[in-house]
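Reader: Before we turn to single residues, could you take me through this chain and set each label against the rule behind it?

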Amino acid sequence: MHAVAGYWATAPTQPATVVMPTATGKTDTMNAIFAAKRLGRLLVIVPTDALRAQLGRRLETYGVLPELGVLEEPVLRPVVGTIEHGFSSKYAAVDFAGRCNIIVSTVSALMASAEPIRRALVDECSHLFIDEAHHVAAAQWDQIRGYFDDRHVVQFTATPFRADGKHLGGRLIFAFPLREAQRQGYFSKIDYIPVTDYADPDRAIAVTAIERLRQDLDGGYDHLLMARVKTKVRADDLITLYQELAPDLAPVKIHSGETKKQRTAALQAIHNRDSKIIVCVDMLGEGYDLPALKIAAIHDAHKTLPITLQFIGRFARPGADNLATACAVVNRPDPEYDPSLRQLYADDADWNHVIRELAQTAVGLQQEISEFEAGFGSSLPEEIPLRALEPKLSTVVYQTRFTDWTPEAAEHVFGKERMLTHPIALNQQRNLAWFVIKDHTEVKWGNLKTVEDIHHDLYIMYWDRDRNLLYLNSSNTDSVHKELAKAVSGSDAEIIQGEAVYRVMAHVNRLVPTNVGLIDVRSRARRFSMHVGADVTEGFPTAEAQTKSKTNIFARGYEQGSHVGFGASLKGRIWSAKTVGSLHEWVQWCDHVGTKLTDDTISVDEVMKGFIRPQLVRERPPLAVLAVDWPLNVYLNTSDETMLLYDGKTYPLLDTELQVTDHNTTGPILFEATTPHWRAPYQATFHTDGLSIRALDGDVAVIAPRSRTTLTDLFDDRGVKFYFEEETTVEHGGFLLRPPRNTPPFSPTKLHVLNWAGTDIKKESQGPHRQPDSIQYKIIQMVRAEREWDLVIDDDGAGEAADIVALAILDDNTLLIRLVHCKYSSEPQPGARVADLYELCGQAHKSVHWKRGTELIDHLTRRERHRRSEHNRTGFEVGNETTLRALQHRARYLRHRLEIAVVQPGLSAAKVSQPQLQLLACAEVYVYETAQATFDVYCSA
């Protein structure tokens, strides 16, 4: 209350945000502010009908204030009116408001009135309180808040952050820590009971939760169980399960698909304790006060931290003496849930500690953002919220020599009349400033004095004091803003331009230029030309090298095992294709750029030599094809819910493998889309127009959540990636890429020779019976003996990540991922057959995307479920389902290190040939450059 009063005393222009955990008294805080500040007429906005009624009752009695003696009796209570539907006229709305001290409404009820009527009502109110304020980023909530731009607004919430990343706006003025709420008994203890069951998780959760409920009831506690599901269909299914398992506890269900009478009857049965179990779909939601809810059976976990904390808060509400510790029974949640929740759903998690830490971290982040804004002081403009800015990753960089900067001088450059935001928003601690310019220009389509074009440009300035670098970002890319740079950082500020800008592409492996601009210094007839795709090869001329200069280049590649893109122009502009969500991220990117620009050891000539110049494929490369794979954009941008349908059976696209069926060097490439259920053959043909792919025996259907297409259409739209020998790939819909170098052969001294006694070198897989004479069985024993692994799994089969996958968490918080690919020998005796290595090297190339360990573990989880449900067997050699789930939760917080190994007993170390060594060398270089992975080869003597 005092924080709000103090904030209001500063005549703020932003709403105040108050953060209070569930059950710590938001409603009574509203009462206290209303009574102490003698507010004129208060409008309170809530999210649900139930909360409107509940809050209305508390406000009209002043809550706990009279009984605690804060307000002395007799107390004149406020008149509280609730809005349940729209008004028919301004007169009715104003008359209603005039009869109330406090008005409580949902957004939908308030918006049910026409705009003029709604305006008339809110104009009668002096203050606005918003309950559950994490909703304010929604359009209608924000519109209502906008009505009060000239009046005081207080936003109350337990979770001041949203799953979609949108900000609540306003200034966070008070946050009551969850740890303090726990210490003071406002947030009761809660036990976490994890359930691991891949076969029938719903039944396992229900059995465990009902058992806990019965224990609590036998102990004399007045506890209720809520089973949470995400859809009405799921609720209809689960009510049957609960009625089967606990008919004496009279389970009921409640969701929006039922009639009001049915919902009322279900709630009455719960309140009367005629029923002890309720199956629920997002009902009894925010702010709903039912402390007896103490057992949460979470069949469908929420995917985001804010909603999860709100949900848990319902069960952690304290109450009478006949209430005890709450509990949550949870199976492993969907892999798409919020990364913050991995820690919460770890098997050994102490929810009382983890919830506190997660909430504190999330609230702390919002406080950090609020403090970052506060660093701009009163200079932040009202017209444009700081949090609305999403700058491009772009900058020009100036070398400065002054010991300080004067960002305010920007006003002299542009003139105050052009400044939309005035004064300039300035954060002195971060050496960061921004402003917006508004320009009026003549229209280009006529000679008119009465019509103008109005254009706005954003400018951001960041001065790196340590490196003496000034970074300028602007939506006006027609200039390098030399006058502005000199005004704010000194007349001797000098732009970094020329070929030095191409240093930003240093330390990026497998650089592929996608755009190159050329200027001809001699020919005026062809002064400038832009080269894209295969045409970029012309951007690196040989005979014309003395007459053409590269003016700008954009290239993509791999830096520290991650896919990146950089662009640079001779004039000094540097950019990336990404858009960031905050100024803070832009500053971090600038620091990374500055590190390279100031590194004089970087040779631009060497950077240019390393470019891989794409060529449009017009004929089949005369090389052996090693493998075929989905392009990177499919792995990054495809939902787990996207399925492939063929031969009447569906399978997840991300778990479907593309396999070459013939490692030929001429003619069409034959490959298959393979799953445990089916194999669909395809053919890729090279011709003068590029590359085309067709189905050979019926096309596979691609079924996404909101679309349906075919696999050939997907190949045409997204492309497909073919790996050939000699470090050659064909990708991006038909572009050939080959590094301009001669890779030295793989050193024979790096071959690991194994004794294959007792092993049939023509038998690759150990099979479901784990045959000891197989190659895979022997290697699994070898891998298990290498170290203490957390998990070793036999993933052999269509769609595998590798024949053997081993995972271990190291002491330095690194997740070690070891992928081992095995292949049988084509002949009974080891030799120098290069064909024995084609598929293995192709698998090594395809393995690099599994460096994203979280995706690998999700993949392994889905495949283990399939093995259990379809074949009633497991792939675990070390560890189990619980281990896998624990790794899944921790993986997002760890660095990932990838090791790739290939095993071919048909390869003889004594007889190894140059073609074999060359093939192995190219695989080794590829996996290192794209994923920083090691590469081991196991063979025979």
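**Labels and their cut-offs**

Author: The accessible surface of the chain comes to about 41,200 Å², and 49% of that belongs to carbon and sulfur atoms; such areas come from the Shrake-Rupley method with a 1.4 Å probe, and for residues only the protein chains shown count as cover. This is a predicted model, in which local features need pLDDT of at least 70 and side-chain atom pairs count only at pLDDT 80 or more, while totals for chains, interfaces and linings use all residues. Residues are numbered from 1 along each chain as its sequence is written, and side-chain values use heavy atoms, with hydrogens and water left out.

Reader: Why is Thr642 called buried?

Author: Buried means under 20% relative accessible area, exposed over 50%, and partly exposed in between (1.4 Å probe, protein chains only). Thr642 has 7% relative accessibility and therefore counts as buried. Thr642 lies in the loop between α18 (632-637) and β27 (643-646), and, leaving aside residues up to four places away in sequence, touches Pro652, Leu653, Val702, Ile703, Ala704 and Pro705, where contact means heavy atoms within 4.5 Å. Across the chain of 941 residues, 54% count as buried.

Reader: What makes Val451 partly exposed?

Author: The relative accessible area of Val451 is 33%, so Val451 is partly exposed. Val451 sits in the loop between β16 (432-442) and β17 (452-464), and together with Trp445 and Leu448 makes a nonpolar surface patch of about 300 Å².

Reader: How do you know that the buried residues of α20 are on the same side of the helix?

Author: In α20, Ile775, Gln776, Ile779, Ile780 and Val783 are buried. They cover an arc of only 125 degrees around the axis, which puts them on the same side of α20; the arc is that of the directions from the helix axis to the C-beta atoms. Their cover includes β39 (791-794), β40 (804-809) and β41 (814-822), among other elements.

Reader: What makes Leu711, Thr712, Leu714 and Phe715, which are buried in helix α19 (residues 711-718), a single side?

Author: In α19, Leu711, Thr712, Leu714 and Phe715 are buried. They cover an arc of only 160 degrees around the axis, which puts them on the same side of α19. Asp716 and Asp717, on the other side of α19, are exposed. The helix is followed by Gly719, whose phi is positive, near 85 degrees.

Notes
Helices (H or I, at least four residues) and strands (E, at least two) are DSSP runs, numbered from the N terminus. Patches are made of residues with over 30% relative accessible area and no salt bridge: like charges are joined within 9 Å, nonpolar side chains (Val, Leu, Ile, Met, Phe, Trp, Tyr) within 5 Å. A salt bridge is a side-chain nitrogen of Lys or Arg within 4 Å of a carboxyl oxygen of Asp or Glu.
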